[in-house]
Amino acid sequence: MIGRRLLLGGATLLAAPRILRAQAPLRVGDQRGNARAVMEASGQLAGFGDRIAWSEFPAAAPLVEALNAGAIDTGLVGDAPFTFGAAAGAPIKAIAATRENREGLAILVAKDSPIGSIQDLRGKRIATGRGSIGHQVILAALENAGLPLDAVQFVFLLPADAKAAWTRGSVDAWSTWEPYVSQEEVLNGARRVAHGEGITPGLGFQAARTEAIASRRDDLAEFVRRLAAARAWANGNVAGYAKTWSELMNVPAPVAEHWFRRAATRVVPVDERVAVDEQRNIDLYTRAGLVRRRIEAKDLLDASFNDAIASGNRGA
């Protein structure tokens with residue numbers, strides 16, 4: 001009897017780590033004012049928020065580093081940092097995609113700058129994040145204009161430092177994304193000399209560690225379902241969401257509304273069109289010498305969460 005009690009006790013102890021892991025929160029990386037904000041405003045965190053441990057990052061590159069290091073389970077990033085992270089060997093796959101109008105991904109100049117077109121940027125200093133979607137749009141804009149990919153001087157900085165350099169005139173242009181683009185346009189009269197619409201796919205990815213896909217599938221499916229529902233709600237309630245978001249982020253409401261109306265961000269399934277567009281990104285970086293090994297988009301994508309995404313978009 002004593003031996004049986006010991007065996008049962010041992011089995012309980014062995015089972016305990018599995019129980020603890022099952023109860024552990026899903027570790028989600030976010031960028032300022034992104035997934036968490038829209039899920040809170042839409043009510044999609046009700047009954048689910050206590051199952052999430054949020055970590056905020058200033059940009060996508062450090063978020064991808066956290067995924068690679070195993071510090072978080074999942075996070076939403078642009079297609080450029082996702083591709084660079086995967087190419088560098090990060091154990092991640094895209095379990096959902098986002099699409100948005102790409103006019104808010106832009107190369108900015110000051111309102112009184114003599115630069116009027118992408119051609120005028122030849123030899124100029126452009127601030128952006130290394131491996132960011134801002135980096136991507138410069139490469140795409142140069143190719144689209146028939147310019148060599150080394151026609152400009154890159155100054156790689158995180159957003160806060162890039163804005164500071166651009167404001168004081170240390171760089172000639174700033175290639176960035178929302179909400180920075182709308183903020184500079186609305187508040188400071190900045191001009192876009194190029195933007196991503198028509199030259200970049202307009203993708204973002206909910207990236208997840210492969211081990212989290214295996215061990216936290218139900219939580220990840222619930223997360224992407226709720227994120228899809230939140231984005232659908234936001235697109236139908238732009239003014240209200242802009243007001244809520246601006247109060248949360250301490251950014252003027254006209255900036256938020258300008259961004260949201262233009263972007264119309266939505267969560268979409270990982271389908272064949274997504275695979276084709278992601279391969280376009282990979283091929284662009286390969287031509288630029290930034291990705292040095294052959295990568296197939298299909299190897300980076302996981303379509304097994306598509307039903308959850310469709311359910312969220314239906315409001316189910």
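The model is predicted: local features need pLDDT of at least 70, side-chain atom pairs count only at pLDDT 80 or more, and totals for chains, interfaces and linings use all residues. Residues are numbered from 1 along each chain as its sequence is written, and side-chain values use heavy atoms, with hydrogens and water left out.

Start with the record. An unreviewed UniProt entry places the feature "domain: Solute-binding protein family 3/N-terminal" at residues 25–237. UniProt positions follow the numbering used here, feature names are shortened, and annotations may be inferred rather than shown by experiment. Over residues 25–237 the chain is 39% helix and 25% strand. Helices (H or I, at least four residues) and strands (E, at least two) are DSSP runs, numbered from the N terminus. The end C-alpha atoms of this stretch are 30 Å apart.

Now the domains. Domain 1 covers 26–100 + 202–315, and domain 2 covers 106–195. These bounds come from an automatic or database domain assignment. Taken over C-alpha atoms, the two centres are 24 Å apart. Each domain brings 21 residues to the contact, where contact means heavy atoms within 4.5 Å.

Next, the interface. About 1700 Å² is buried between domain 1 and domain 2. Buried area is the accessible area (1.4 Å probe) that two parts lose on being put together, summed over both. Carbon and sulfur atoms give 68% of it. Val-255, Arg-262 and Leu-284 supply 29% of the area that domain 1 buries against domain 2, more than any other three residues.

Charges also cross this interface. Three salt bridges are counted between the domains; each is a side-chain nitrogen of Lys or Arg within 4 Å of a carboxyl oxygen of Asp or Glu. Arg-287 and Glu-143 form a salt bridge through their side chains, at 2.8 Å, N to O.

Which helices each supply at least two residues of the side of domain 1 that touches domain 2? They are α4 (79–87), α11 (253–263) and α12 (272–287). The largest share, five residues, comes from α11.

Two backbone details remain. Most residues other than glycine have a negative phi, and most peptide bonds are trans. Glu-178 and Pro-179 are joined by a cis peptide bond, with omega about 5°. Pro-179 lies in the loop between β8 (173–176) and α7 (180–188). Asn-250 is not a glycine, yet has a positive phi of about 60°. Asn-250 lies in the loop between α10 (238–249) and α11.
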